[in-house]
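Reader: Could you walk me through how to read this model, starting with the backbone and then moving to the ligand?
Author: Happy to, so let's look at it together.
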Amino acid sequence: SGFRFFDAALAADVLARAEIERDLAKALDADEFFLEYQPIVGVESRVVRSFEALLRWQHPEKGRIMPAVFIPVAEKTGLILPLGNWVVREACREAANWPAPAGVAVNVVGDQFKDRAFVDYVKQCLAESGLAPGRLTIEVTESVFSVDETVIRESLCELRDYGVRVALDDFGVGFSSINNLRAFPIDQLKIDRSFVRAMMETKRDAELVDIILKLGQTFQVATTVEGIETEGQLDFIRQRGASEAQGFLISAPVGAGDVRRLLQKPENRLAA
Ligand code: C2E
Ligand code: MG
Ligand code: MG
């Protein structure tokens, strides 16, 4: 009563995903993960304020695998819990060696907050490493708010009371809810990089960026524009009052060893 097409490409996809799932289970114990760090600079000064920690997987045969490929799999299998904890500990440990006040930002997903021990775990990592809580930022996307509003609000409030900063990542592409900005404690709004190219091309997209930056000003949070690749784009967001920029123009993500080199540049200024 029906028919199906067999698609070799689709079958290969399923197989590749199954392989990733299998290999991922062993990767944490095998020490195959490492972090890269991408600087976030003040738009006016170009001084490095912090680095976003970005996870990479060095697969023994397949080489380097990017988070877009394996984070969704880790979320599905539950590995995101131990893996996410590893990222927090490693980022705190590394950042504690940087000259203050340079900070570090870590990406966290909703499932990590479901584990009510997570907030205590973050505090423990800060205490162990000696990193001042104000130098750690937790980046969440709006999808966390669909986990459990109460749990998320309590967790974020507790982290903030401890001094940790909270950033709303990839703003503009998801719900982009004004209510979330009112209801949750947030210190920083990160505008998704998909806006950057568009804002240089159409008036409507430029105005959208304007509106989001104004939203940030209304809620008195820092506004960081992601994906800045050209001087023109940096000028554009500077004129519109963005506070921070991140992107290949300033620097691609770098290894831990290069962070200190970036911070040792005269006055921490990048690509001026
Ligand atoms: P994100 O948090 O929005 O991170 C920024 C991504 O944009 C990074 O990709 C970065 O390399 C890329 N990027 C930075 N500047 C530019 C630019 O100028 N142009 C372009 N085209 N891209 C730029 P990456 O490292 O592949 O990470 C992708 C996503 O994976 C991250 O998006 C984040 O959502 C997730 N991710 C990374 N590390 C972790 C982690 O430790 N835990 C969790 N849960 N998610 C992570
Ligand atoms: Mg992020
Ligand atoms: Mg982002």
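Reader: Where does arginine 46 lie?
Author: Helices (H or I, at least four residues) and strands (E, at least two) are DSSP runs, numbered from the N terminus. Arginine 46 is in the loop between strand E1 (33-42) and E2. Its phi is near 60 degrees, a positive value in a residue other than glycine.

Please keep in mind that this is a predicted model: local features need pLDDT of at least 70, side-chain atom pairs count only at pLDDT 80 or more, and totals for chains, interfaces and linings use all residues. Residues are numbered from 1 along each chain as its sequence is written, chains are lettered from A and ligands numbered from 1 in the order in which they are written, and side-chain values use heavy atoms, with hydrogens and water left out.

Reader: Which residues does the cis peptide bond join?
Author: Alanine 100 and proline 101, with omega at about 5 degrees. Proline 101 belongs to the loop between H3 and strand E4 (103-107).

Reader: Which residues come nearest to ligand 1?
Author: A residue is near a molecule if one of its heavy atoms lies within 4 Å of it. There are 22 residues around ligand 1, and Glu52, Arg56, Arg193, Glu229 and Phe248 come nearest. Strand E2 (48-59) gives the largest share of this shell, four residues, while helix H2 (67-77) and strand E6 (165-171) each supply at least two.

Reader: How should I read the polar contacts?
Author: For a ligand, look for a pair of N or O atoms within 3.5 Å. A polar side-chain atom of glutamate 52 lies 2.9 Å from an oxygen atom of ligand 1, and one of arginine 56 lies 2.8 Å from an oxygen atom of ligand 1. Phenylalanine 248 uses a backbone N or O atom, 2.8 Å from an oxygen atom of the ligand.

Reader: Where does ligand 1 sit?
Author: A pocket is an open set of points on a 1 Å grid over the protein atoms alone, where a 1.4 Å probe fits, with protein on both sides within 12 Å along at least five of seven lines; lining residues have an atom within 4 Å of a point. Ligand 1 sits in the largest pocket (more than half of its atoms lie within 2 Å of the grid points). This pocket is lined by 39 residues, with Glu52 and Asp169 among those nearest its centre.

Notes. Polar contact = N/O pair within 3.5 Å; in protein donor to acceptor, adjacent residues only side chain to side chain.
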